[in-house]
Amino acid sequence: LAILLIFTLGGCSQMFISDEFQQIVEQASLSPEELWAIEDEYEFVSNMSMYIAEKCGYGSNLDALSHEEQVFYFVQTLEMEVNCGGFWQFLFNADEDILVNAASALSEIGAEKTASICKNAFSAFEEEIPTSRAARMLFLSKIGMEECYEILAEFDEAFFAYEEDLNSLNYAYVHTNKESFD
């Protein structure tokens with residue numbers, strides 16, 4: 001029996017994967033050749049996202065990625081976190097590298113409006129948000145989840161309006177930089 005257990009602790013999602021489930025995920029992973037053969041934009045971006053996340057150990061080894069792969073990973077991680085719990089979740093969960101590079105990664109794929117939303121969300125607090133994850137978690141916890149949600153609500157709404165099609169921009173970015181994705 002494969003088990004995937006997800007729970008929330010203080011707003012921070014944690015995922016525990018059984019060995020059997022991990023094997024299923026690894027078997028479902030596509031090779032680079034299979035990835036590049038996918039014609040459907042959404043399916044391609046989804047599968048490339050999984051491939052890149054696995055390649056870098058889900059962010060634990062960003063040095064394994066080219067610059068272009070890092071850009072793609074930062075954008076995908078930002079979008080996943082914001083879609084799951086708004087900017088509060090992103091700010092609470094993001095590693096320092098992702099936090100520091102998310103807005104510039106959005107700009108690099110051509111998502112200037114979304115990059116601006118992120119920059120504004122990151123500067124919405126009276127004090128500067130710490131880049132260190134531990135310090136940032138403490139900072140956000142002191143403010144409180146409800147107040148954080150109130151501060152960030154307008155940026156969540158702006159992000160969720162999706163004025164820019166991040167999926168299409170990611171797809172184009174990856175294909176334009178194909179030689180940097182292996």
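1. Lys55 pairs with Asp182 in a salt bridge (a side-chain nitrogen of Lys or Arg within 4 Å of a carboxyl oxygen of Asp or Glu); their closest N and O atoms are 2.3 Å apart. Lys55 lies in helix H3 and Asp182 in the segment after H9, so the contact ties together parts 127 residues apart in sequence. Helices are DSSP runs (H or I, at least four residues), numbered from the N terminus.

2. The model is predicted: local features need pLDDT of at least 70, side-chain atom pairs count only at pLDDT 80 or more, and totals for chains, interfaces and linings use all residues. Residues are numbered from 1 along each chain as its sequence is written, and side-chain values use heavy atoms, with hydrogens and water left out.

3. Glu69 also meets Lys55, at 2.8 Å, N to O. Glu69 sits in helix H4, so this pair ties together parts 14 residues apart in sequence. Shared partners join Lys55, Glu69 and Asp182 into one network.

4. Buried means under 20% relative accessible area, exposed over 50%, partly exposed in between (1.4 Å probe, protein chains only). Glu69 is buried at 1%, Lys55 partly exposed at 25%, and Asp182 exposed at 51%.

5. The salt-bridge count is three. One of them joins Lys113 and Glu163, at 3.4 Å between the closest N and O atoms. Lys113 is in helix H6 and Glu163 in the loop between H8 and H9, 50 residues apart.

6. Lys178 lies over the face of Trp36, 4.8 Å from the ring centre (rule: NZ of Lys or CZ of Arg within 6 Å of the ring centre and within 35 degrees of the ring normal).

Conventions: Helix = DSSP H or I, 4+ residues; strand = E, 2+ residues; numbered from the N terminus.
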